[in-house]
Amino acid sequence: MASEGRLPLPSTWFTWHDYLIRPGMRVLDLACGTGRHSVAAAARGAEVTAWDRSAAKLEEGRAAAAARGVQVDWQEVDLEGDWPAAPPFDAVLLFNYLDRERMARIVDALAPNGTLIMEAFLTTQRELGWGPTNEKHLLGRGELARLITPLEVLHGREVLEPVDVERWRAVASVVARRRPGEP
């Protein structure tokens, strides 16, 4: 939990691929929560828009961004409802949120050559005693690559990895690009 401008560290998947976020890029962080990825992308010089439905979490993100001296456009948006009009983004970040019904919308939010950096829990997570348990919020094996079609997968994985000394997590992660000329 963020407090007094402190945020949890970004996902290791984001950290391994943050070199893809460059100054001036337009980045959308969907279901941003308290904004750990939004703030990290803004610190790399990106123009970040962060959407979440929780006003309280957005407020924590604002405090963290202010503490680091970065700008983020924080917007309260229910991703299950209508989305604000926005031009396509150079990158979309999506961590720990899964909405199969809106994956086409997420892909459509990418500009040509735009990059999706995404990570979500696998069904195996239920066995680990924490995290989402509802099938609606968990990916099956091999499912993520199918969900992001027609994007070109540049790097992907399905892993069981440590979170800390007591907890593990089962996740599917992907970096994918929208090819120029694709609808």
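Trainee: Before that, what kind of model is it, and what's left out?
Mentor: This is a predicted model, so to speak of local features we need pLDDT of at least 70, and side-chain atom pairs count only at pLDDT 80 or more, while totals for chains, interfaces and linings use all residues. Residues are numbered from 1 along each chain as its sequence is written, and side-chain values use heavy atoms, with hydrogens and water left out.

Trainee: OK, which residues touch the most other members in the largest nonpolar core?
Mentor: L30, V92, I106, L116, M118, L139 and I148, out of 29 residues. A nonpolar core here is a set of buried Ala, Val, Leu, Ile, Met, Phe, Trp, Tyr and Cys residues joined through side-chain atoms within 4.5 Å. Buried is under 20% relative accessible area, exposed is over 50%, and partly exposed is in between, with a 1.4 Å probe and protein chains only.

Trainee: And what does L30 touch?
Mentor: Leaving aside residues up to four places away in sequence, L30 touches W51, L79, W83, V92, L93, L94 and I106. Contact means heavy atoms within 4.5 Å.

Trainee: Rings next. How many aromatic pairs does the search find?
Mentor: Four in the whole structure. Phe, Tyr and Trp rings (the six-membered one for Trp) pair if their centres lie within 6.5 Å; planes under 30 degrees apart are stacked, over 60 edge-to-face, and the rest tilted. One of the pairs is W51 with W83, edge-to-face at 5.5 Å centre to centre and 75° between the planes.

Trainee: Where do W51 and W83 lie?
Mentor: W51 is in strand β2 (residues 47-52) and W83 is in the loop between β3 (72-76) and β4, so the pair ties together parts 32 residues apart in sequence. Helices (H or I, at least four residues) and strands (E, at least two) are DSSP runs, numbered from the N terminus. W51 is buried at 2% relative accessible area, and W83 is buried at 18%.

Trainee: What about R167, which ring does its charged end sit over?
Mentor: The ring of W130, 4.3 Å from its centre. A charge counts as over a ring if NZ of Lys or CZ of Arg is within 6 Å of the ring centre and within 35 degrees of the ring normal. W130 itself is partly exposed, at 23%.

Trainee: Last one: how many residues of α2 are buried?
Mentor: Six of its eight, namely H37, S38, V39, A40, A41 and A42. What covers them includes α1 (12-17), β1, β2, α3 (55-68), β3 and β4.
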